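We'll go from the whole chain down to single residues.

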Amino acid sequence: MRTDFDRAAEIVRLAAEFDWTWSRDDLGRFCTAAGWTVTEHRERGASTTPDLNIARPGGTADLDTNSVQVIDFDVTDRLGKQEAEAWQ
C-alpha cells in the first residue's frame, strides 16, 4: 500500500489559505491551484484526479445548486486482500 501524506498535508494547507467564495466556480479554481484535474461534472457533484503519488488517485466534490459543500480525496491506495487480512 502506498500513501502520500506529505502531499495531502500540502493540499490541506492550500485549502486553509485558499480564497474561498464557496461558489461552484471555486472547485475549478481550487483544482487548478492544487494541480488537480476535474474529470467529470455532475449536477450535484464532480470527480477529480488529484496529483497524489498513489496507484489510483481519486477525489470527489459534493455541490449544491450554488456552492461547494465538500471536497474529498484519497491519500492511500486501497488495501489488497492480503494486506486487509494482515490488518485484522
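**The whole chain**

Start in cartoon view: the protein chain has three helices and four strands. Helices (H or I, at least four residues) and strands (E, at least two) are DSSP runs, numbered from the N terminus. Trace the chain along its sequence and the pattern reads α-α-β-β-β-β-α.

Before selecting anything, note that residues are numbered from 1 along each chain as its sequence is written. This is a predicted model, where local features need pLDDT of at least 70, side-chain atom pairs count only at pLDDT 80 or more, and totals for chains, interfaces and linings use all residues, while side-chain values use heavy atoms, with hydrogens and water left out.

The protein chain exposes about 5900 Å², and carbon and sulfur atoms supply 47% of that; accessible areas come from the Shrake-Rupley method with a 1.4 Å probe, and for residues only the protein chains shown count as cover. Of the 88 residues in the protein chain, buried ones make up 31%. Buried means under 20% relative accessible area, exposed means over 50%, and partly exposed is in between (1.4 Å probe, protein chains only). Among contacts in the protein chain with a separation of 6 or more, 36% are between residues 24 or more positions apart; contact means heavy atoms within 4.5 Å.

**The sheet**

Select the four strands. They form an open sheet in the order E1-E2-E3-E4, with antiparallel pairing; two strands pair if DSSP finds at least two bridges between them. Strand E1 (37-42) and strand E4 (68-73) are at the edges with a single partner strand each, so one side of each has no neighbour in the sheet. On average, neighbouring strands of this sheet are turned by 15° against each other, direction ignored.

Zoom in on E1 and E2. Five bridges join this antiparallel pair, and a hairpin connects E1 to E2 through two residues. For one of the bridges, pick Thr 37: its partner in E2 is Thr 49.

Next, strand E3 (residues 59-63) pairs with E4 in the antiparallel sense over five bridges. E3 and E4 also form a hairpin, with four residues between them. Click Leu 63 to find its bridge partner Val 68 in E4, then Ala 61, whose bridge partner in E4 is Ile 71.

Stay in the sheet and select Thr 48, which lies in strand E2. Is Thr 48 buried or exposed? Thr 48 is buried, with a relative accessible area of 3%. Leaving aside neighbours within four places in sequence, the residues in contact with Thr 48 include Cys 31, Trp 36, Val 38 and Gly 58.

**The helices against the sheet**

Bring up H1 (5-17). H1 has 13 residues and reaches 18 Å from its first C-alpha to its last, close to the 18 Å expected at 1.5 Å a residue; the expected span of a helix is 1.5 Å times one less than its number of residues. Which residues of H1 are buried? They are Arg 7, Ala 8 and Ile 11. Look down the axis of H1 and these buried residues fall within an arc of 100°, so they line one face of the helix; the arc is that of the directions from the helix axis to the C-beta atoms. The cover over them includes H2 and E4.

In H2, pick Ala 33. Ala 33 is partly exposed, with a relative accessible area of 46%. Apart from neighbours within four places in sequence, Ala 33 is in contact with Leu 14 and Phe 18. For a distance check, the C-alpha atoms of Ala 33 and Ala 15, 18 residues apart along the chain, are separated by 9.6 Å.

**Last stop: a loop**

Select Trp 22, placed in the loop between helix H1 and H2. Trp 22 is partly exposed, with a relative accessible area of 43%. Check its backbone too: phi of Trp 22 is near 70°, a positive value in a residue other than glycine. Most residues other than glycine have a negative phi.

Technical notes
Axes are lines fitted to C-alpha atoms, for helices over the stretch in contact, and angles run from 0 to 180 degrees between N-to-C directions.
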